[in-house]
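Biologist: I would like to go through this chain feature by feature. Please show me how each one is read.

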Amino acid sequence: MSQLPAPSPEALAHSARLQAEIHRAIVQQGGWLPFANFMEMLLYAPGLGYYTAGARKFGSAGDFVTAPEMTPLFGQALARQVAQIMALSAPRVLEVGAGSGRLAADLLLALERLGQLPERYAILDLSADLRQRQQQTLADAAPHLLARVEWLDHLPDEFSGVVLANELLDALPAHLVRWDGEEIRECGVVGDAAGGFMWNERAAGGSLLAAAREIADSCDLEPGYLSEISLAARAWAAEWGHRLQRGALLLIDYGFPRHEYYHPQRSAGTLMCHYRHHAHGDPFYLPGLQDVTVHVDFTAIIAAAHAAGLDLLGYASQGQFLLNCGMLDLLAEITRDTPDYVRAASAVGKLLMPHEMGELFKVMAIGRGIDGGLSGFAEGDQSRRL
């Protein structure tokens, strides 16, 4: 990892504290920790995990750039779909995992221009640091709308309206599984002699084994095939079957339907780490200082949601969804041949083009009590591919 930027001494000390916590957890678990538990600690250990500590994560100064950070046109286009769903359900929005707060600010301003502001805009985020940053972003960009925003500590028991999750599911803990013919093994983490971590495999069991067998029955997996199964993402989607009264979830993330996720050419899985705008595949590197993600199996998400009583309302590539929501019309409203237009056009190209984010990122709508088609999926709905 010598090619990656060197962290500060303070950052290294922070990482060492989390590394020690994980070693204690390994001992408490009998010397072996499932990768899903390891990933959860890397990202969410109180005060030490990547998303719960205070390091800057988003934008050019962080580790990666999300769509809302690239251009306000993303939130403006999304607002058109949000407004339609609110009109069909209730004037409330809940954003889960709001990052820097940029999307919340852009959405609220766009909905204000449309004359369709939500009565309440709720944000659920586990990070106290990110909550402060979200509050500051909203106070700077939309101070007159800040009173409409509230921060939650847990999912509401009941909710009607729009639930937004932009790049949330990829950051939920996932199990690592290896298929070897009839044998299915789970990859776990143990300590090594140098005080670091190393892989160790055990026979898979319980609900993980059942999920792995289901995948093996429907996909052509060669012996030694390694990939991820996110039981947490499935459970999160299913939970809304108990909480959503009327409305829709809009899930925006990178991923595939199952037959593409577990494709023969993807035999090493999709696990990826992000540190200072560098992507690599070593989750043991600098615990707590880098993001660790997996792609989303959208077939598993809708299967879990459907079993919980929710309906699939649409599934499309991000590029097609944003086109349906009028992103090019929004770009055309900016005066051409100006610096603002050049910046916006560059960002729009990255969001729409298939070889950039347009095809890898998908948008899925899941809901209850919504009559009529959603505008974001008017063309290019790929629901049958699931």
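Modeller: Strand β11 (residues 272–275) pairs with β13 in the antiparallel sense over 3 bridges; strands (E, at least two residues) and helices (H or I, at least four) are DSSP runs numbered from the N terminus, and two strands pair if DSSP finds at least two bridges between them. H274 has D291 of β13 as its bridge partner. This is a predicted model, where local features need pLDDT of at least 70, side-chain atom pairs count only at pLDDT 80 or more, and totals for chains, interfaces and linings use all residues. Residues are numbered from 1 along each chain as its sequence is written, and side-chain values use heavy atoms, without hydrogens and water.

Biologist: In what order do the 3 strands form the open sheet?

Modeller: The order is β12-β11-β13, with antiparallel pairing. The edge strands, each pairing on one side only, are β12 (278–280) and β13 (291–293).

Biologist: How are two packed helices described?

Modeller: By the angle between their axes and the distance between the axes. Here the axes of α8 (residues 231–243) and α10 (residues 298–307) come within 7 Å and cross at roughly 40°; axes are lines fitted to C-alpha atoms over the stretch in contact, with angles from 0 to 180 degrees between N-to-C directions. Contact (heavy atoms within 4.5 Å) is made by A233, R234, A237 and A238 of α8 and A300, I301, A304 and A305 of α10.

Biologist: Which residues does V82 contact, leaving aside its neighbours within four places in sequence?

Modeller: V93, L107, L111, V162, L164 and L250.
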